[in-house]
Amino acid sequence: MEDYDRYSEWKGWGESQFMIVSDYERAYYGAEFSEISVKNERVLEIGFGSGALLAWLRDQGAELYGTEISSQGKQLAARRGVTILDTDLTQAEALKGQFGVIAAFDVFEHLTHQQIRDLLDKAAILLRPGGHLIARFPNGASPFGGIVQHSDVTHVTTLTKTKIGQLIVGKPFVIQRAGDTAIPRHGRFPARIAKHGRALLRRLVERGVSALYGLHDMSFYHNLTIVLRRVDDVANDRSVQP
């Protein structure tokens, strides 16, 4: 826990910036949650940090729950109507099947493999069948993901989408989406064109490298987003392939 001393100060998560969401973040979250409905849903954010996602979820009409290691963060969120749960989710059984969405942005890399498995088990209890867990983390399969992974001493686990597929074996989840984080339509027209042009160029390079080395679906993007859907019976659910 020593590595988390003054973590909020290092990140710049002060009270004046708490639960403030920028125009860019609004566009980004809208794109990232495009296939997940949060309106009138009970939504839990694991490790909400500065609260930007909580603010966006509130604006979409979600009922907010959250966990956070920072005492200051928990106090600030509680004042703004967020129901705070224990970081180890001891309330999971009492809230069984009551959530439609669980979000864990920039969280999994802070956990060991066993802690991720434990979190997935708790999420399976909390989510109703058909509910979603959405997680973002540095892309361990990308040569550029290491820039994000090694930018923080509290990052302990390097992850890829194939590792997530391994971690959910035997758990009531299927992978609905696994790929680059969303690129929102934001900013002036020339900037948007340039951004999407770079993305297209990157994808062409990825395909070339994949063909050269015989790799499958290579991605150079520094972050990955995984959307897991809670199912009753993984063995008989063939709607989505991992």
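In helix 2 of this predicted model, the residues Y28, Y29 and E32 are buried. Around the axis they span an arc of only 95 degrees, which means they sit on the same side of helix 2. An α-helix has 3.6 residues a turn, so residues three or four places apart point the same way. What lies over the buried residues of helix 2? The cover includes helix 3, strand 4, strand 5, strand 6 and strand 7.

Helix 2 (residues 23-32) packs against helix 3 (residues 52-59) at an angle of about 70 degrees, and their axes are 10 Å apart. Angles of 65 to 115 degrees count as roughly perpendicular, so helix 2 is roughly perpendicular to helix 3. The residues that make the contact are listed by helix.

| Helix | Residues in the contact |
|---|---|
| Helix 2 | E25, R26, Y29 and G30 |
| Helix 3 | A52, L53, W56 and D59 |

By type, the residues of this contact are four nonpolar, one polar and three charged.

The nonpolar cores come next. The largest one has 32 residues, and L44, F108, L120, L133, I164, F173 and L228 have the most contacts inside it. Several elements each supply at least two of its residues, among them strand 1 (42-46), helix 5 (113-126), helix 7 (161-167) and strand 7 (223-230). Which element gives the largest share of this core? Helix 5 does, with six residues.

Leaving out residues up to four places away in sequence, L120 touches F108, L133, L167, I168, K171, F173 and L228. A second, separate core has 27 residues, including F33, L57, A77 and A182.

Definitions and conventions: Residues are numbered from 1 along each chain as its sequence is written. This is a predicted model: local features need pLDDT of at least 70, side-chain atom pairs count only at pLDDT 80 or more; totals for chains, interfaces and linings use all residues. Side-chain values use heavy atoms; hydrogens and water are left out. A nonpolar core is a set of buried Ala, Val, Leu, Ile, Met, Phe, Trp, Tyr and Cys residues joined through side-chain atoms within 4.5 Å. Buried means under 20% relative accessible area, exposed over 50%, partly exposed in between (1.4 Å probe, protein chains only). Helices (H or I, at least four residues) and strands (E, at least two) are DSSP runs, numbered from the N terminus. Contact means heavy atoms within 4.5 Å. Axes are lines fitted to C-alpha atoms, for helices over the stretch in contact, and angles run from 0 to 180 degrees between N-to-C directions. Angles under 35 degrees count as roughly parallel, over 145 as roughly antiparallel, 65 to 115 as roughly perpendicular and the rest as oblique. Ala, Val, Leu, Ile, Met, Phe, Trp, Tyr, Cys and Pro count as nonpolar, Asp, Glu, Lys and Arg as charged, and the others, Gly among them, as polar. The arc is that of the directions from the helix axis to the C-beta atoms.
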